[in-house]
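Please read the points below alongside the coordinates. They begin with the ligand site and then turn to a helix pair and to the backbone.

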Amino acid sequence: MLTGIGSWLPERVVTNDQLSQVLDTSDEWIRTRTGISQRFHAATGESTSDLAVEAGRRALKSAGDDHVDALILATTTPDYPCPATAPDIAARLGLSGIAAFDIAAVCTGFVYALSAAAGLIAAGTAERVMVIGADVYSTILNPVDRSTAVIFGDAAGAVVLRAGRPDELGALGPMVLGSDGENHRLIEIPGGGARQRSNGQPSEPDDEYFRMAGPEVFRHAIVRMSEAASRAMELARWLPGDVDRFAAHQANARILTSVLERVGLPATCQLSNVARVGNTSAASIPLLLDECAADGRLEAGQGVLLSAFGGGLTWGATTLRWPALTTVH
Ligand code: UT7
């Protein structure tokens with residue numbers, strides 16, 4: 001069950017007008033096609049672990065814990081291709097010695113990591129687990145690709161889970177996870193991995209950047225996120241009336257509206273911060289939950305539905321009844 005939450009945004013705000021000065025785009029296009037007004041970018045030299053440590057520290061404080069038995073980081077932007085970034089984050093949180101590993105499921109990473117954490121707890125391997133979603137997309141975006149540069153922002157969000165009873169506030173419901181590898185190239189960084197290296201050829205400069213087939217991904221995101229959310233409700237035996245808040249991956253405001261309609265939920269359920277932070281990939285859901293818990297949009301006892309979609313393609317969803325949490329801001 002969920003016992004602590006925290007998040008962290010870098011200081012630098014990048015507005016649509018600022019992007020319009022360097023790209024062939026406009027504030028009007030970005031707002032109407034994505035719902036995004038601004039996003040945050042890490043400072044030069046600031047990386048995923050730096051944001052993750054700040055979010056993790058706040059989640060520990062929120063949980064009133066100074067120890068967990070395992071730390072899972074969901075990210076697409078690890079500090080290095082090797083080793084995983086989670087052990088360094090654990091060490092910097094004073095948790096050296098615990099199990100620590102990364103999960104790569106792009107924007108679905110947080111939900112995959114939640115499920116892995118719940119599994120570690122259910123198996124008795126760990127009593128308390130920290131899950132962090134953190135991404136610094138500003139380091140992998142092609143600065144001249146207007147279709148991706150306007151969407152993504154940098155952030156980290158973290159939660160602490162502990163063993164508990166299914167009827168306690170904060171208990172996670174059944175997990176829905178899925179993937180469609182036939183479409184793995186719709187979201188990709190083509191260079192820098194074993195596929196490109198095994199050719200013995202250096203990658204082209206643009207191959208090191210993130211690419212997305214926007215309109216196709218848009219369609220998959222709506223179908224997969226709504227199907228996963230509906231399935232999670234079915235497995236939890238929830239009807240639409242049991243959902244007080246819907247925390248979907250903040251991909252694009254138009255996607256969020258369509259998914260909400262398909263799942264059959266009223267607009268009052270929708271939690272969103274995409275206008276202020278953009279699409280923050282693996283950080284998106286924990287950052288949203290932390291902000292909403294802090295400003296009162298989320299209250300103890302409410303039924304919360306989570307759903308995410310990302311590269312792979314991957315998707316995942318679950319339910320939980322929101323616990324009484326202290327937030328740290
Ligand atoms: O995080 C998990 C996965 N990600 C997502 O779920 C994101 C899914 N995709 C999207 O959110 C949208 O597809 C985008 C925001 C990426 C693009 O929006 P769209 O409404 O699908 O636009 P489009 O790609 O169909 O492009 C429409 C037009 C094109 O111009 P033409 O060919 O009609 O003349 C684009 O070149 O808009 C143009 N365009 C832009 N114009 C101004 C594309 N990006 C921009 C831009 N500024 N930033």
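**Notes on the predicted model**

1. Of the 23 residues around the ligand, those that come nearest are Thr 25, Arg 33, Arg 146, Asn 252 and Asn 279, where a residue is near a molecule or strand if one of its heavy atoms lies within 4 Å of it. This is a predicted model, in which local features need pLDDT of at least 70 and side-chain atom pairs count only at pLDDT 80 or more, whereas totals for chains, interfaces and linings use all residues. Residues are numbered from 1 along each chain as its sequence is written, and side-chain values use heavy atoms, with hydrogens and water left out.

2. Turning to individual atom pairs, a polar side-chain atom of Thr 25 lies 2.6 Å from a nitrogen atom of the ligand. A polar backbone atom of Gly 214 is 3.2 Å from an oxygen atom of the ligand, and a backbone N or O atom of Pro 215 lies 3.5 Å from an oxygen atom of the ligand.

3. The axes of helix 8 (residues 214-236) and helix 9 (residues 253-263) come within 9 Å and cross at roughly 40°; axes here are lines fitted to C-alpha atoms, for helices over the stretch in contact, with angles from 0 to 180 degrees between N-to-C directions. Helices (H or I, at least four residues) and strands (E, at least two) are DSSP runs, numbered from the N terminus. The crossing of helix 8 and helix 9 is right-handed, that is, the near helix is turned clockwise from the far one by less than a right angle.

4. As for the backbone, the peptide bond from Cys 82 to Pro 83 is cis, with omega near 0°, and Pro 83 sits in the loop between strand 4 (70-74) and helix 4 (86-92). Another cis peptide bond joins Gly 312 and Leu 313, with omega about -15°, and Leu 313 is found in the loop between strand 12 (303-310) and strand 13 (314-321).

Definitions and conventions
A polar contact is a pair of N or O atoms within 3.5 Å; within protein, one must be able to donate a hydrogen and the other to accept it, and residues adjacent in sequence count only if both atoms are side-chain atoms.
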